[in-house]
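Q: Here is a model to go through label by label. Please set each value against its cut-off and conclude.

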Amino acid sequence: MSTQLATSVGRETTRRRSPRLLIVSALGPLTALAGLVWALVQPYRIALLEPHAHGFWTLVVEPPLLVMLVGAFFHFVVAPSVFEDLEADER
C-alpha cells in the first residue's frame, strides 16, 4: 500500500504543466528581459547615465526601466491569479 501511495504522490508532483501555463509563466520574465536587452542595446536612452543633463521626470520615467517594472508586476501580481484560473479550468 505504501508503494501505491508513493507512486500516486510521484505522479501528482511530476504532472506536466499545460502549454498555456508555461506561456503565462514566461510572459513576465521575458518582458523584463526585453527591457533589459533594450537598455543594453540602446544605453543612450537611459537618462540615469547622465543625470545632470535631464530633468526629474526624464529620470523617473525611463522606457526600458518601465518595461522591466511591468514584467515584474505581471509576474508577481497578475500571473498568480491567472495560474489559479487556468488550473481550475484544467480540472
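This is a predicted model: local features need pLDDT of at least 70, side-chain atom pairs count only at pLDDT 80 or more; totals for chains, interfaces and linings use all residues.

Q: What is the overall fold made of, helices or strands?
A: The protein has four helices and zero strands. Along the sequence the pattern reads α-α-α-α.

Q: Which residues of α4 are buried, and what do they pack against?
A: P64, G71, A79, F83 and L86 are buried in α4. The buried residues of this helix pack against α2.

Q: Why is G71 called buried?
A: G71 sits in helix α4. The cut-off for buried is under 20% relative accessible area. G71 has 0%, so G71 is buried.

Q: Which residues does G71 contact, leaving aside neighbours within four places in sequence?
A: G71 is in contact with G28, T31 and A32. Contact here means heavy atoms within 4.5 Å. G71 and G35 are 36 residues apart in sequence, and their C-alpha atoms are 8.4 Å apart in space.

Q: Why is F73 called partly exposed?
A: F73 is also found in helix α4. Partly exposed lies between the buried cut-off, under 20%, and the exposed cut-off, over 50%. F73 has 48% relative accessibility, so F73 counts as partly exposed.

Q: What makes E84 exposed?
A: E84 lies in helix α4. Exposed requires over 50% relative accessible area. E84 has 55%, so E84 is exposed. The C-alpha atoms of E84 and L21 are separated by 9.8 Å, and the two residues are 63 residues apart along the chain.

Q: Why does E62 count as buried?
A: E62 is placed in the loop between α3 (56–60) and α4. Buried means under 20%. E62 has 1% relative accessibility, so E62 counts as buried.

Q: What does E62 touch, not counting residues up to four places away in sequence?
A: E62 touches R45, I46, A47 and L48.

Q: Where does helix α4 bend?
A: Helix α4 (residues 63–90) bends by about 45° at A79. A proline, P80, follows within four residues. The bend is the angle between axes fitted to the seven residues ending at a position and the seven starting there.

Q: Why is V37 called partly exposed?
A: V37 is in helix α2 (residues 19–41). Buried is under 20%, exposed is over 50%, and partly exposed is in between. V37 has a relative accessible area of 42%, so V37 is partly exposed.

Q: How much of the accessible surface belongs to carbon and sulfur atoms?
A: The accessible surface comes to about 7,100 Å², and 68% of that belongs to carbon and sulfur atoms. Buried residues make up 16% of the 91 residues.

Q: What share of the contacts with a separation of 6 or more joins residues 24 or more positions apart?
A: Such residues account for 67% of those contacts.

How values were computed:
Residues are numbered from 1 along each chain as its sequence is written. Side-chain values use heavy atoms; hydrogens and water are left out. Helices (H or I, at least four residues) and strands (E, at least two) are DSSP runs, numbered from the N terminus. Buried means under 20% relative accessible area, exposed over 50%, partly exposed in between (1.4 Å probe, protein chains only). Accessible areas come from the Shrake-Rupley method with a 1.4 Å probe; for residues, only the protein chains shown count as cover.
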